[in-house]
Amino acid sequence: MDNMRERFIAVTSRLLDEDPRLALVLAEISMDGFRPARERHPDRVLNVGIREQLLVGVGGGLALTGMRPVMHTFASFLVERPFEQLKLDFGHQGTGGVLVSASASYDWPAGGFTHMSPGDVALMDTLDGWTVHVPGHPDEAETLLRHAYAAGDDKVYVRLSMQSNAAPRTVDGLRMQTVREGAAGVVVAVGPLLDEVLAATEGLDVTVLYATTVRPFDGAALREAVGRASADVVLVEPYLAGTSSAAAAQALVDRPHRVLGLGVGRAELRRYGTIEQHTAAHGLDARSLRERITAFLR
């Protein structure tokens with residue numbers, strides 16, 4: 001099976017052939033994969049080098065001409081480093097485009113803390129009007145990428161990861177899905193953490209919702225689930241713990257509830273290790289999740 005980044009390269013290369021409005025801006029990352037597309041479309045596949053602020057600025061300029069820009073690099077260099085350009089060149093200018101990240105929270109531990117971005121979705125929350133997709137499988141990534149490219153002039157962030165669930169689910173870029181039903185609480189699993197959540201909650205009397213589009217937050221689905229179960233809610237997110245806690249609380253503002261936000265911790269882990277070791281260190285493996293979820297629901 002290919003990974004999400006490989007699928008992004010394949011899908012975007014095909015769509016560049018089909019849609020003359022689509023343009024791709026790179027900052028060296030994934031350039032090798034896009035060389036054939038660049039040879040076919042040298043005016044719409046642009047590599048600015050390792051200049052991430054320029055990456056976003058060029059994308060903003062393309063958007064002002066009526067193009068649909070796709071900007072791609074590691075998450076830490078796509079959201080955090082050029083944040084001012086995102087705020088001004090898209091938000092202030094009222095333009096739209098598609099951000100497609102790679103490496104997510106800790107997908108390349110050997111790259112060190114500079115290449116980790118667990119706070120990207122929380123940072124995007126400070127900006128208005130961005131849709132955020134977090135696929136959990138390459139097939140879901142393809143669906144959500146196509147959805148993002150076709151979304152008129154909307155502002156969309158697609159967060160790709162090396163982590164993946166074993167099997168894809170049908171996603172529509174809008175609503176959460178009910179994967180399992182129970183009465184003792186509601187657990188929301190985001191993107192590539194669904195398999196860990198399903199293993200952690202095996203045999204527990206809980207509802208499991210699956211989210212691959214986290215902004216806008218599907219408060220209606222959460223309310224429906226809570227209406228059938230306990231108002232104890234656990235959010236399991238592959239980025240900074242508690243990122244969606246306020247959104248969940250707002251969805252349930254008119255009824256008593258409890259929310260536990262699980263995700264990547266704030267402390268820097270300096271022994272970089274592997275993806276699996278980071279997952280366990282942040283308490284996001286199935287065993288740790290089961291302990292934390294059952295303790296909360298108890």
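Author: In this predicted model, the part to look at is an open sheet of 5 strands, whose order is E7-E9-E8-E11-E12 and whose pairing is mixed. Its edges are formed by strand E7 (177-180) and strand E12 (258-264), each of which pairs on one side only. Direction ignored, neighbouring strands of this sheet are turned by 25° against each other on average.

Strands of a sheet pair through backbone hydrogen bonds, and they may do so in a parallel or an antiparallel sense. For strand E11 (residues 232-240) and E12 the sense is parallel, and the pairing runs over 6 bridges; within it, aspartate 232 has arginine 258 of E12 as its bridge partner. Helix H12 packs on the sheet, where it touches strand E8 (186-190), E11 and E12, and the direction of H12 makes about 165° with that of E12.

The loop that leads from helix H11 (275-281) to helix H12 (286-297) contains histidine 282. Because its relative accessibility is 12%, and buried means under 20%, histidine 282 counts as buried. Once neighbours within four places in sequence are left aside, the contacts of histidine 282 are Tyr106, Gly263, Val264, Gly265, Ala267, Leu269 and Arg292. Among these contacts, Gly263 and Val264 fall within the span of edge strand E12 (258-264), while Arg292 falls within that of helix H12 (286-297).

Note on methods
Residues numbered from 1 in each chain as written. Predicted model: local features only at pLDDT ≥ 70, side-chain atom pairs only at ≥ 80, totals over all residues. Heavy atoms only, no water. Helix = DSSP H or I, 4+ residues; strand = E, 2+ residues; numbered from the N terminus. Buried < 20%, exposed > 50% of the residue type's maximum accessible area, 1.4 Å probe, protein only. Contact = heavy atoms within 4.5 Å. Pairing = 2+ DSSP bridges. Axes fitted to C-alpha atoms, helices over the stretch in contact; angles between N-to-C directions.
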